[in-house]
Amino acid sequence: MMLKKALLALLFVLVGLMACSENNDTIVLARYDEFGVPFSPTEIQGSAEYLPSMMPEYFRIVTVDNKLNPLDSFELSPVDVYKFINGSRDYEAPYIKIVTVFPTEGKQNRMEFSQYMRISRAGNFSRLNQNLYAALAAKRIETLVRKEDYDFDRAKDTAFSEMGKIFGVDLSDVYGKKYDLAPFVYCRHEISDSVFYHDFMEFSESFAESGRIDSSLIIRAADAWLSTFEQTYENGRPRFKSSSRDKGYDNDNYSYRLFSRVYGITFSQCDTCYA
């Protein structure tokens, strides 16, 4: 019995040592999250998967507590244009905010897009990618955690479920949505960086409060996207295509689905009517 108590006491001492910060000159062996999964120290890496034309200037990594309040931060420069990599480091909590900073047209101003993620030693390399869906959901996750007392994972899942209804897509694997045009159209990226960033902030603030956005914002976005379309001819056949700066990203007939969904109309299914 005495041996058991001695071993238990030793275990608590070791756990205490493992949880100590490096600021106290103690080497951190491991930190575990609430599920018993080790998350620190760890290496992190990720990639900005907005649009290929959007090249990040730098990344800011912010460690946050369970209420998403900032604890510490550091900056990383891009590697291979879109990526960031950072060596083994101790993190106080298993949650981080990644702020991806882009220059605007003319490079006189900056656009910042934040998103929250959980880190772990297992599989974190493939889970720290950034995209616009996650950035649009960030303030909603803050609202759910801080005002409605959701835990982080429930808040994240709820926010992406709500956002999926807005876009008509399944966002359960949101970090796999590489170069998806939809959120850029909703924020009118095709017009200019200033309009895009304004709409991003407007969408974020509106979505943060209720998990919804006003339908007028969606109609405004569809009208703006439609206004970029013009009739062209390819191999002697008429085609209806966008002429905007984002025209090259309209894959898988996204515009066809957008117009059908927003305007409630059915387009003729023929290869000369839509491209």
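Visitor: Is α2 largely enclosed or left open by the rest of the structure?

Guide: Buried means under 20% relative accessible area, exposed over 50%, partly exposed in between (1.4 Å probe, protein chains only). In α2, 13 of the 15 residues are buried, so the helix is largely enclosed. This is a predicted model: local features need pLDDT of at least 70, side-chain atom pairs count only at pLDDT 80 or more, and totals for chains, interfaces and linings use all residues. Residues are numbered from 1 along each chain as its sequence is written, and side-chain values use heavy atoms, with hydrogens and water left out.

Visitor: What counts as a helix, and where is α2?

Guide: Helices are DSSP runs (H or I, at least four residues), numbered from the N terminus. Helix α2 covers residues 132–146.

Visitor: Where is the kink in α2 centred?

Guide: The bend at a residue is the angle between axes fitted to the seven residues ending there and the seven starting there. In α2 a kink of about 35° is centred on A138.

Visitor: Which residues of α3 are buried?

Guide: An α-helix has 3.6 residues a turn, so residues three or four places apart point the same way. Among the buried residues of α3 are F152, A155, K156, A159 and F160. After α3 comes G168, with a positive phi near 70°.

Visitor: Which residue caps the N-terminal end of α3?

Guide: D151 does, with a side-chain oxygen 3.3 Å from the backbone nitrogen of D153. At the N-terminal end of α2 the cap is N131, whose side-chain oxygen lies 3.2 Å from the backbone nitrogen of Y133.

Key. Helices (H or I, at least four residues) and strands (E, at least two) are DSSP runs, numbered from the N terminus. The expected span of a helix is 1.5 Å times one less than its number of residues. A polar contact is a pair of N or O atoms within 3.5 Å; within protein, one must be able to donate a hydrogen and the other to accept it, and residues adjacent in sequence count only if both atoms are side-chain atoms.
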